[in-house]
Amino acid sequence: MRIDVYTIFPDIFEMPLREGLLGKAIRKGILDIRVHDVRDYAEGRHRQVDDAPFGGGPGMVMKPEPVFAAVTRSLGYGMDELGELRERVRVVMLTPRGERMNQAKVEEMAALEHIALICGRYEGVDERVIEHLCTDTLSIGDYVLSGGEFAALVVIESVTRLVPGVLGNEESLVCESFSGGLLEYPQYTRPADYLGWKVPEVLVSGDHGAVERWRREAAKAWTMKKRPELGGREGGGGDVL
Ligand code: 6GU
């Protein structure tokens, strides 16, 4: 899978893309992730990437020219080939105005060959970028970040962990899909007694059927308490978490 990231803060991506399973998958060649500095594509002596909003108001708006230039030139398309670009590449604007991300969207994106992620600044990006360059807008939740960079990392991690060969342990994916519509059950490890706080008896009983039933009930109870809108029952609405 190839992912191209467009940002005015490329350094933010260095460590997260170097460490852990993500870094390993990149070094193995399973993932090809390229981070582009939008400022490199800005014209003029000041390489200006933003400007005041037409109509007034606070903050600055990201100018269209450097973003169009960054995406088209880095991917080898002309400005007369935006249609082809958008057919071949999923071009996503990260913005709190975007469609809300969920596991279903993550799974859909994991099946794609090539994704481009544009990190907006929260005050906004010229709407013509969204209209004529992007295929999608995405928000990672109902709260505001100052820029799309950390949201892009959330997208990268959630999507790429579903790409075959990225997770060390592909079984944990099978387990996730078993949890069908519920939040995960609680986990415990040694010691069985920590400062007098004991692990639930059933988990050390060796009765696998009883463990299975306890986990399902614990997942339902937790889901009902923390996320009642998910249903808290089997086949309940919402995403597979
Ligand atoms: Cl994708 N960007 C920003 N700036 N804020 C967000 C977001 C994205 N998703 C939630 N909040």
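Author: Let's begin with a term: a polar contact is a pair of N or O atoms within 3.5 Å; within protein, one must be able to donate a hydrogen and the other to accept it, and residues adjacent in sequence count only if both atoms are side-chain atoms. What you see is a predicted model, where local features need pLDDT of at least 70, side-chain atom pairs count only at pLDDT 80 or more, and totals for chains, interfaces and linings use all residues. Residues are numbered from 1 along each chain as its sequence is written, and side-chain values use heavy atoms, leaving out hydrogens and water.

Reader: OK, ligand first: how far is a backbone N or O atom of Ile 140 from a nitrogen atom of the ligand?
Author: There are 13 residues around the ligand, and Ile 140 is among those that come nearest, as are Thr 95, Gly 141, Tyr 143 and Leu 145 (near means having a heavy atom within 4 Å). Ser 139 puts a polar side-chain atom 3.3 Å from a ligand nitrogen. For the backbone N or O atom of Ile 140, the distance to a ligand nitrogen is 2.9 Å.

Reader: Zooming out, what percentage of the residues in the chain is buried?
Author: The chain has nine helices and nine strands, which are DSSP runs numbered from the N terminus (helices are H or I with at least four residues, strands E with at least two). Buried means under 20% relative accessible area, exposed over 50% and partly exposed in between, using a 1.4 Å probe and protein chains only. Out of 241 residues, the buried share is 40%.

Reader: Is Asp 126 buried or exposed?
Author: Asp 126 sits in the loop between strand E6 (114–119) and helix H6 (127–132). Leaving aside residues up to four places away in sequence, Asp 126 touches Val 61, Met 62 and Pro 64 (contact means heavy atoms within 4.5 Å). Because its relative accessibility is 15%, Asp 126 counts as buried.

Reader: Which residue does a cis peptide bond join to Arg 190?
Author: Most peptide bonds are trans. Here, though, omega is about 5 degrees in the bond that Arg 190 makes, in the loop between helix H8 (171–178) and strand E8 (193–194). Its partner in that cis bond is Pro 191.

Reader: How far apart are the C-alpha atoms of Arg 190 and Val 49?
Author: Arg 190 is exposed, since its relative accessible area is 78%. Along the chain, Arg 190 and Val 49 are 141 residues apart.

Reader: What is the phi of Leu 195?
Author: Most residues other than glycine have a negative phi. Leu 195, in the loop between E8 and strand E9 (197–198), is exposed because its relative accessibility is 61%. Its phi is positive, near 55 degrees.

Reader: And what about the phi of Arg 47?
Author: Arg 47 lies between strand E2 (32–37) and strand E3 (50–51), in the loop. With a relative accessible area of 39%, Arg 47 is partly exposed. Although Arg 47 is not a glycine, phi is positive, at about 45 degrees.
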